[in-house]
Amino acid sequence: MRGRPTVHHDEDLILKAQEVFWKKGYSAASLSDLLEATGTGSGSFYNTFKGGKKEIFKKSLQQRKDFFMAFKNELDQAEDPLKKIKDFYLSIADEDNESHMKGCILVNSVLEMTFVDDELEQLSANILREVEEMYTDVIRQSQKKGQIKNQTPADILGKYLVTFWCGLNSLRKIYPERNVLKNQIEFQLKILE
């Protein structure tokens with residue numbers, strides 16, 4: 001006799017599902033894909049994620065937001081937060097080919113969800129706006145300290161970094177070579193000198 005479905009409270013399930021969404025996107029990810037990736041049965045899956053696929057996708061996006069908020073805390077404590085941002089961008093060149101092909105789940109989601117699901121599009125876009133605010137604050141402080149000679153308003157430069165991020169996540173799929181990416185990243189970051 002079959003017992004009651006297990007309710008999982010494991011962040012690991014969200015990370016496993018996130019990999020599916022990262023590779024396939026929200027629309028193409030099937031329940032079967034999610035069950036296989038998470039190793040759960042449908043009963044356990046729906047007991048854990050009552051809103052089904054959409055709920056676990058939202059939690060996957062929230063996990064990325066948590067990553068950026070942890071990065072924000074690092075920036076708040078860093079002696080040179082601007083260098084930390086530059087190093088973050090430069091580290092993208094060193095990632096493996098699979099990471100390059102996945103790109104950024106937030107950027108992917110904004111693009112995929114436009115005209116498909118307003119809630120998921122806005123959730124992704126709002127997280128990127130929070131990242132933009134984080135960059136803007138660091139840039140404003142760096143300008144005041146004289147670390148950035150470029151006096152373009154900080155909010156424009158913050159948007160620039162998010163625009164660059166969106167473009168970089170397309171570029172890395174086209175040119176996943178380290179040297180190409182490193183050269184492009186260094187060139188784009190000159191705006192913050």
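Me: How much accessible surface does the chain have, and what share belongs to carbon and sulfur atoms?
Reply: The accessible surface comes to about 10600 Å². Carbon and sulfur atoms account for 52% of that. Keep in mind that this is a predicted model.

Me: What secondary structure does the chain have?
Reply: The chain has 10 helices and 0 strands. Along the sequence the pattern reads α-α-α-α-α-α-α-α-α-α.

Me: What does the C-alpha trace span along its principal axes?
Reply: About 70 × 30 × 30 Å.

Me: What percentage of the residues is buried?
Reply: Buried residues make up 41% of the 193 in the chain.

Me: Take Ser 109. Buried or exposed?
Reply: Ser 109 is buried, because its relative accessible area is 2% and the cut-off is under 20%. Ser 109 sits in helix H7, residues 105-113.

Me: Which residues is Ser 109 in contact with, leaving aside neighbours within four places in sequence?
Reply: Phe 57, Leu 61 and Ser 124.

Me: Switching to charges. How many salt bridges does the structure hold?
Reply: The structure holds 17. Side chains of opposite charge can pair when their charged atoms come close.

Me: Which residue does Glu 95 form a salt bridge with?
Reply: Glu 95 pairs with Arg 172, and the closest N and O atoms are 2.4 Å apart. Glu 95 lies in the loop between helix H5 (81-91) and helix H6 (97-102), while Arg 172 lies in helix H9, so the pair ties together parts 77 residues apart in sequence. Glu 95 is partly exposed at 32% relative accessibility. Arg 172 is buried at 2%.

Me: What about Lys 159, which partner does it have in a salt bridge?
Reply: Glu 132, with the closest N and O atoms 2.9 Å apart. This pair links distant parts of the chain: Lys 159 is in helix H9 and Glu 132 in helix H8 (residues 118-144), 27 residues apart. Lys 159 is partly exposed, at 43%. Glu 132 counts as buried, at 15%.

Me: Which residues do salt bridges with shared partners join into one network?
Reply: Lys 54, Lys 58, Asp 117 and Glu 119.

Me: New topic. Which residues form a nonpolar patch on the surface?
Reply: Ile 174, Tyr 175 and Val 180. Together they have about 280 Å² of accessible area.

Me: Where does Tyr 175 lie?
Reply: In the loop between helix H9 (154-174) and helix H10 (178-189). Tyr 175 counts as partly exposed, at 41% relative accessibility.

Key: Residues numbered from 1 in each chain as written. Predicted model: local features only at pLDDT ≥ 70, side-chain atom pairs only at ≥ 80, totals over all residues. Heavy atoms only, no water. Patch = residues over 30% accessible without salt bridge, like charges linked within 9 Å, V, L, I, M, F, W, Y side chains within 5 Å. Areas by Shrake-Rupley, 256 points an atom, 1.4 Å probe, with all protein chains shown as cover. Salt bridge = Lys/Arg side-chain N within 4 Å of Asp/Glu carboxyl O. Helix = DSSP H or I, 4+ residues; strand = E, 2+ residues; numbered from the N terminus. Buried < 20%, exposed > 50% of the residue type's maximum accessible area, 1.4 Å probe, protein only. Contact = heavy atoms within 4.5 Å.
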